[in-house]
Amino acid sequence: MGATHNTTSAFGTPEANAAAHAFLAKWQGVQASELSTAQSFTNDLCDLLGQPHPHPTPEQGYMFERPITFQHGDGTSSAGRVDCYKRGHFVLEAKKLKAASHTKGFDDGLLRARSQAEAYARALPAAEGRPPFVLVVDVGTVIEVYAEFSRSGGTYTPFPDPRSHRIALADLTKPDVRERLHAIWTAPDSLDPARRSAQVTREVAALLAQLANSLEQRHPPEQVAAFLTRCLFSMFAEDVGLLPTVPTLGGEDAGPFMTMLQNHRQRPEVLQRMLSILWADMDRGGFSAALHGEDVLRFNGKLFKGHGAEGYSLRLEPTETDLLIQAAQANWREVEPAIFGTLLERALHPTERHALGAHYTPRAYVERLVLPTVMQPLRAEWANAQAAALVLAQEAAALEASPPEVKTKKDFAALDRHHAQVRAKWQAARAEVRHFHHRLCTLRVLDPACGSANFLYVTLEHLKRLEGEVLNQLDALGDKQDALDLGAETVTLQQLRGIELNPRAAALAELVLWIGWLQWHIRTRGSAAVAEPVVHDYGNIECRDAVLAWERHELAADEHGQPLSRWDGTTFKPHPVTGEPVPDDTGQVPQWRYVGAKAAEWPQADFIVGNPPFIGASAMRAALGDGYVQALRAAWPTVPDSADFVMFWWAKAAALVNAGQCERMGLITTNSLRQTFNRRAVQAALGPGAHLAFAVPDHPWVDGANGAAVRIAMTVLAPGASVGRLLSVTAEQPGEHGEVAVELAERAGLVHADLSVGANVAAAVALQAMCGVSSPGVKLHGAGFIVTPDEAIALDAPALVKPYRNGRDLTDKPRGVSVIDAFGLSAEQLLAQYPAVYQWLHDRVKPERDQNNRATYRDNWWIFGESRRELRPALAGLPRYIATVETAKHRTFQFLPASVLPDNKLVAIALDDAFHLGVLSSEVHGQWALAAGSWLGVGNDPVYVKTRCFEAFPFPDDSTHRHPGPAHRRPPQTRARCAHRARPGPGFGGAGTVGGGLGRFRGL
C-alpha cells in the first residue's frame, strides 16, 4: 500500500498537475496529421508519466514502428509495423481521425484502430507473448484502454470497464488517471483486479478456516458451514451498502454486522440472538429491531431461511468473535469470487483445509478455458453485428446530411420520405445491436460439475463486460431507452446453470454467483439500484449426480440375502506376523445397487464449460463403489471401460455438440486425455460433425478436491470440420501461493485426438507384424509377493522365486529382490508342493487381497493380479528380451535375462536380437515414441504406450535377412487373433513424415 500511496502523491503534486495542464494546452484539439504528430504526442505523454521515450534497440523491446510479420492461413506472410510497442506491457495504435468526436465515423475509426492493434498483438512472436494492454489513441482527443490479463489469446476488453475505458484528453489532469497509465508503462499486472483481490480473498478464507475448525469442536460441520455462509454474506452486504449503518458504542456509525460483533463480543448469548434477529429481518425485509428501527432490504433467497431451526445462529466465544471481526475488516468489495468459492469450500471442509495456504487455482487458468469456449465465438458475433450496425449508421448519417431541397409542395412529400428513410436506417442499425443483445440475454451456459462456481462466475463477468459494450453502442446509436432499466432485458444469473453433487459446494455456488452479480451491479449502478428481493432462488444450481440417474438405490446383497460391503480403502491394522499395515476388515462400507440406472440428463445449454472430477479408471471402484461403477458402465455403453471418470462428462458434452444441441463445449481433464484409453472417446467425437477448436495438452492445475498440483488438458469442441488453436506451455514459473505462471506458444491447424497439430500420428493403426510381441510386465497386487535374497533362500523354492525388476531397478541401482511366481498352480497344488511358500503368501498377500473389489483377485490370491498369460509363451525359449520403462523422462531400451520377471511398469518386447535393440534405440524411434505416446503426471513424463509406440511402428527392412522380424516371435496361439488386426499400408495414415526417416521404413 505504501508504494501506491507514494505514487498517488507524486501524481497529485502541484508540479505534476501543472505539467498535466501544460500537456493538455499543447495537444487538445490538435489538427495535424497522424504521421506528423503520433510520435511527438507519445513522447510528451511519456514525459508526463515520468517514463523514458521509446528507443530502438536490437531487442526491439520498447520502440516506435516495431516491425512484425503476419502469417496468413494460405501460407503467405506480410509485413506490418506497430506504432509504439513495449514488450510485456502494451501495443499502442495511434490515429488522427478527421471525424468529430462522438460521431459515428469517430467511433468506427476507433473500432478499426482497435482491431488493427489486436491483430498486431496476435502477430507478435510467440516467444515474446502477448502484452496485457492495447492502447488506441486519437491524437489530441482520447486514449482508449483495453486489457487481456490471461495473455492466452483472448479478446482485449475495455479496461477498467466499458463506461470508463475511454480517457478524454482532459481526464489526464486527474492524478488517478495518470497513475493508471503510469502502471501500464511500469507494472501492468498490478492493475489486474484478480491479482489485487487474491490476497484479500486468501486472508479471509484462512480466517474462516480457523473459525470453522474451532466451531466444529462443538457443532456439526453442516451447521457451521451454513452459519459462516450467512456471516460472510452479511460482511459483503454491509461493505457494499446493502445494509444501513447503525451507531456503535463509540457514537460513530458503522455496518450493523461489525457493530454487533464489537458491541456484544463479551456477551456470547446476546450476540447469538442478535445475529438471529438480524438475519430473520433480512429474510423478511422492512422494519428491523436489530437495526434500531431502520428498514432493511428483503434479501429472501435461501441464505437466511430457517431462522427458527437449531444451529441457525451459533454461540461464539470471544476469541471466535475476534476472528469474525478480522474477516469483517477486509474490503469485501475486493473479494474475488472466481477463487473465493474454492477457498471457502476448503475452509469449511476439515480434510481440505491443508490446501488453503498452499494452492489455489488462479483466475487466469479458468479464463484460459472460458474465453475460447464461450466468449470468443460471442465476440466474433458481436464484431459482425457491430460492423453491420456501423455501416448502417454511416449510411444514415450520409443520407441525413443530404436532404432534398424544398421548393414546392411535392418537395415536402419527398422530404418526408427522406426522413422516413433516415429513421429506417437508424432503426436498422439499432436493430442489429438489439438483436445481438437479445441473443446475449437469452443464451444459457452450463457447468455440469460446477463445484463452487468459479467457472460460472468468470463467465458471468465476461458476459456482463460484453453487455456493457453492447449497451454503450446502443447509446451511441441514439437508443434513448435505459437498457439497464429494471423491466428491460439484461444478462442475469438465470442464464448460468450448474450441476453439483456436493450439497455444500452447491450452496456455495449460489452464494458466489450472487456476490459476483451484486459486485458487478453495484460497481456499475450503485447500491441504490438494487431491487428487492436482493437474492432470488432461481434453482439454477441443481444438487445431483451429473452423469448417472436412478430410480432408487438399495443395499446390495449376495445370493443368500446377506448385505455386501467393501473395505473403505483407508482403515489399516498391523499384521499379526509381519507388523506391517494391512487392510482392516472391520473398516467396511456398504455396497449399493442402483435400480433403474440410466445416463443423467442435462439442462439445455448453448455452451458447456467446466472442470469435472479427476478419478482414474483404476480408482473408480474404490472411490465410487462397485455398484455405482457397474451401473455407470451399463448406462454409458459408448464410453470405453478403460476411460477415466471425467470422460463421461466429455462424451456427454461432445454428443450434444455433434447433435447440434450445444454450440461449444470446453472441459478440463487430466493430461491423460491423450492416452489411448481416453483418446478413443475423443476420436469418436471428431469428424465432419465436430472439431477441436482449442486445446492445451499439458497445463498446471490445482485439484479442487485436495489442493494437489496436477497436470491437466483443456479441450474445446465446436461444430463442423475446421482448424483449431493448439497452445503449448513453453515455460513455467512457480508463484508465491502454489500458482504457476506459464508462457504459451500457439500453433494453428487441424487438432487431432492426441491434441497435436501436424502429422496425424494418433491415426496410425497397429501393424500385423507387431501383434503379440510386446506386453506390460506382471502386476502383483500384493507387496507380499516380493522377497529379499535371504527370504528367498529360506523359502527354498527356486522354481517359484524369480528375479524381479521394476522401473527404478532399470533407471537406478537394482534392488536385488525376487518375486514369488505361482502361476499355473492351484491353491491346493501350492500347499501340497510348497507349503512354506503357501503360508508366506497366506500371511502376507491374502489379507490385502480379501479386501479387493475384484472377485478374481480375491479368489486367486496366491497368484499375481495380472500374470500376463500372453507374455509368457512369447518369452519362451529366448535367452533375453528387450525392456523399457513405461513412464520415463528419457527413453532407453536394454536387454534383460529371460529369467527376470518384469513389473507392469515395464514394457517387455519379446525380441532378443541386437538389431532390434538398435532400431528401438534409434533417434527415429525415439521421435516416433514421443509423438505417438502419451504424457503423464506433474513432471509430464513421456509414456511408452505399446499399442501406439511399438505396434504401430514400421521396422526398417533388413536387406541382409540375417535378423528375424517381430512377426517370427509371435507365439502360435496369437497368430489367429493378430490376423484380424490392422495391416501395414494405408492404415499408417500420415505418420510417414515423423522423425524425418520413416519414409524408408515399412511394416514387416
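**A cavity, its helices and the salt bridges**

Tyr457, Leu460, Glu461, Lys464, Gly516, Trp517, Trp520 and Arg523 line the largest cavity. A cavity is a set of points, on a 1 Å grid over the protein atoms alone, where a 1.4 Å probe fits but cannot get out, and lining residues have an atom within 4 Å of a point. This is a predicted model, in which local features need pLDDT of at least 70 and side-chain atom pairs count only at pLDDT 80 or more, while totals for chains, interfaces and linings use all residues. Residues are numbered from 1 along each chain as its sequence is written, and side-chain values use heavy atoms, with hydrogens and water left out.

The volume of the largest cavity is about 40 Å³, taken as the space filled by probe spheres set on the grid points, which are joined across faces, edges and corners. Searching the whole structure gives 2 cavities of 30 Å³ or more. The lining of the largest cavity comprises 4 nonpolar, 1 polar and 3 charged residues; Ala, Val, Leu, Ile, Met, Phe, Trp, Tyr, Cys and Pro count as nonpolar, Asp, Glu, Lys and Arg as charged, and the others, Gly among them, as polar.

At least two lining residues come from each of helix 14 (454-476) and helix 15 (503-525). Helices (H or I, at least four residues) and strands (E, at least two) are DSSP runs numbered from the N terminus. The 23 residues of helix 14 reach 33 Å from first C-alpha to last, close to the expected 33 Å, which is 1.5 Å times one less than the number of residues. Helix 14 is largely enclosed by the rest of the structure, because 20 of its 23 residues are buried, that is, under 20% relative accessible area with a 1.4 Å probe, protein chains only. After helix 14 comes Gly478, with a positive phi near 85°.

Turning to charged pairs, the structure holds 43 salt bridges, each a side-chain nitrogen of Lys or Arg within 4 Å of a carboxyl oxygen of Asp or Glu. One of them joins Lys95 to Glu93 at 3.2 Å, N to O, and both residues are buried.

Asp821 and Arg872 form another salt bridge, at 2.9 Å from N to O. This pair links distant parts of the chain, 51 residues apart: Asp821 lies in the loop between strand 32 (818-820) and helix 22 (827-833), and Arg872 in helix 26 (residues 871-875). Asp821 is buried at 3% relative accessibility, and Arg872 is buried at 19%. Elsewhere, Arg114, Glu118, Arg122, Arg379 and Glu469 belong to one network of salt bridges that share partners.

How values were computed:
Buried < 20%, exposed > 50% of the residue type's maximum accessible area, 1.4 Å probe, protein only. 1 Å grid on protein atoms, 1.4 Å probe; cavity = no way out; pocket = protein on both sides within 12 Å on 5 of 7 lines; lining within 4 Å.
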